[in-house]
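Please look over the sequence and the model below before reading on. The report is meant for a reader who is new to this structure.

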Amino acid sequence: AAAEVEAQYQQLIKLGDEQLSSKDYEGAKANYNEAIKVKASEQYPKDKLQEIATILAGIAEKEAAAKASELAAAEVEAQYQALIKLGDEQLSSKDYEGAKANYNEAIKVKTAEQYPKDKLQEIATILAEMAEKEAAAKASELAAAEVEAQYQQLIKLGDEQLSSKDY
């Protein structure tokens, strides 16, 4: 009977060891638990169950970290997309300063993205063209004012010469 118990115990341990090495943790646990039932005083299956518990905890921890990382990445993406959408809306409604602010924030969220950098360049070009047109309009206004002043001066001179009969 003792030899049968020993043989059964060894068989369960062998199966548990094979399953553990092939990463069938649940199967290994079942066989080590059965081995404990057969020979309760043996430490080896208890140690192996503890080893499996540690492995499974490590796996769960890695999965949780991966999930947290995925969530963080999804949050970053959502924040980036929201900033881009707002920047695009502001750009199309010609709120260039607001758009610039949102594109700059988007770059802080995802530094490698090219899109907001391109949009900032587009805004810089638009603002430069607007400044150029404004400067040209001001110059044209100044020129018109100068012509008007010259005209008024000549009219005044003409009026003075006419009234003093200086033909």
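What follows describes a helix pairing, a tyrosine and a set of salt bridges in this predicted model.

## How helices α1 and α3 meet

Helix α1, which spans residues 2-21, and helix α3, which spans residues 44-92, have axes that come within 11 Å of each other and cross at roughly 20 degrees. Because angles under 35 degrees count as roughly parallel, α1 is described as roughly parallel to α3. The crossing of these two helices is left-handed.

On the α1 side, the contact is made by Tyr 9, Ile 13, Asp 17 and Leu 20, while α3 contributes Tyr 44, Pro 45, Lys 48, Glu 51, Ile 52 and Ile 55.

Tyr 32 belongs to helix α2. With a relative accessible area of 0%, Tyr 32 is buried, since buried means under 20%.

When neighbours within four places in sequence are left aside, the residues in contact with Tyr 32 are Ile 13, Gly 16, Asp 17, Leu 20, Tyr 44, Pro 45, Lys 48, Leu 49 and Ile 52. Leu 15 lies 17 residues from Tyr 32 along the chain, and the C-alpha atoms of these two residues are separated by 8.6 Å.

## Salt bridges

Side chains of opposite charge can pair when their charged atoms come close. The structure holds 12 salt bridges, and one of them joins the side chains of Glu 34 and Lys 37, with an N to O distance of 3.2 Å. Both of these residues lie in helix α2, residues 25-38, where Glu 34 and Lys 37 are three residues apart, about one turn of the helix. Glu 34 counts as partly exposed at 36% relative accessibility, whereas Lys 37, with a relative accessible area of 63%, is exposed.

A salt bridge also links Glu 113 with Lys 110, at 3.7 Å from N to O, and Glu 113 is partly exposed with a relative accessible area of 28%. In the salt bridge between Glu 42 and Lys 39, the closest N and O atoms are 3.7 Å apart, and Glu 42 counts as partly exposed at 27% relative accessibility. Through salt bridges that share partners, Glu 6, Lys 39 and Glu 42 are joined into one network.

Definitions and conventions. Residues are numbered from 1 along each chain as its sequence is written. This is a predicted model: local features need pLDDT of at least 70, side-chain atom pairs count only at pLDDT 80 or more; totals for chains, interfaces and linings use all residues. Side-chain values use heavy atoms; hydrogens and water are left out. Axes are lines fitted to C-alpha atoms, for helices over the stretch in contact, and angles run from 0 to 180 degrees between N-to-C directions. Helices (H or I, at least four residues) and strands (E, at least two) are DSSP runs, numbered from the N terminus. Angles under 35 degrees count as roughly parallel, over 145 as roughly antiparallel, 65 to 115 as roughly perpendicular and the rest as oblique. A crossing is left-handed if the near helix is turned anticlockwise from the far one by less than a right angle, and right-handed if clockwise. Contact means heavy atoms within 4.5 Å. A salt bridge is a side-chain nitrogen of Lys or Arg within 4 Å of a carboxyl oxygen of Asp or Glu. Buried means under 20% relative accessible area, exposed over 50%, partly exposed in between (1.4 Å probe, protein chains only).
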